Amino acid sequence: MDSINKQQPEENHKDLTGIEAGKKINELVGKSNTCYFCTKITTGEPLKTRPMSVQKVDEEGNFWFLSASDSHKNADIQADSQVHLLFQGSDYSDFLSVYGAATLSKDKELIKELWGPILKTWFTEGIDDPRITVIKVESQEGYYWDNKHGNAVAFVKMAAGALMGKTLDDSIEGKLTV
């Protein structure tokens, strides 16, 4: 344990598995469904990172996105299926990092399920645009950092800790295994 966490008067580390991990992923993604979608994870080259909106996340911690078949992202996934998703729900909490394997699909029923009108911005032919693909990311492992009682309580604890010269942090973090 590091020196800051040793000073904590309460539990601030909790690894989550299975359904509990899936619920935490859903909770954090629900606060910000936009992530940094990183490819080229295992190639030894610099990461390629772009913002992406999650269309769906399930209880098992799997993510679904819509993407153009001719995009650089899809080409990256075909060369290296390992991806990393990074979420930040607010300035001081709701951080989520997920590492997983991406697969590409042209499943029309899934495209219909995931479709929303704003997507016509990128798929100008609408829901039948032949370039639409589904990216499914199966979570392999993740890590979260959040606060236990909301940002207001976290701020009060930090301020009190600063005044008393004590570590009073309301954070909670841990590994996610789904």
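Which residue in strand 3 does Cys 38 stand opposite? That would be Thr 49. This is a predicted model, where local features need pLDDT of at least 70 and side-chain atom pairs count only at pLDDT 80 or more, while totals for chains, interfaces and linings use all residues. Residues are numbered from 1 along each chain as its sequence is written, and side-chain values use heavy atoms, with hydrogens and water left out.

**Strands that pair up**

- Strand 2 (residues 34-39) lines up antiparallel with strand 3 (residues 48-53) over 6 bridges. Strands here are DSSP runs of E with at least two residues, helices are runs of H or I with at least four, and both are numbered from the N terminus.
- Strand 2 also runs antiparallel to strand 6, with 3 bridges joining them. Two strands count as paired if DSSP finds at least two bridges between them.
- Tyr 36 has Leu 86 in strand 6 as its bridge partner.

**The nonpolar cores**

- The largest nonpolar core has 24 residues, and the ones touching the most other members are Phe 37, Phe 63, Phe 65, Leu 85, Leu 96 and Val 137. A core like this is a set of buried Ala, Val, Leu, Ile, Met, Phe, Trp, Tyr and Cys residues joined through side-chain atoms within 4.5 Å.
- Several elements give two or more residues to this core, including helix 2 (18-31), strand 5 (63-68) and strand 9 (171-177).
- As a bit of background, nonpolar side chains tend to be buried together in soluble globular proteins.
- Contact means heavy atoms within 4.5 Å.

**Two spots to look up**

- Gly 89 sits in the loop between strand 6 (82-88) and strand 7 (95-105).
- Gly 89 counts as partly exposed because its relative accessibility is 27%. The cut-offs are under 20% relative accessible area for buried and over 50% for exposed, with partly exposed in between (1.4 Å probe, protein chains only).
- Beyond its neighbours within four places in sequence, Gly 89 is in contact with Lys 31, Ser 32 and Asp 94.
- Gly 89 and Asp 146 are 57 residues apart in sequence, with 9.4 Å from C-alpha to C-alpha.
- Trp 145 belongs to strand 8 (residues 132-147), and its 26% relative accessibility is why it counts as partly exposed.
- Trp 145 and Leu 28 are 117 residues apart along the chain, and their C-alpha atoms are separated by 9.6 Å.
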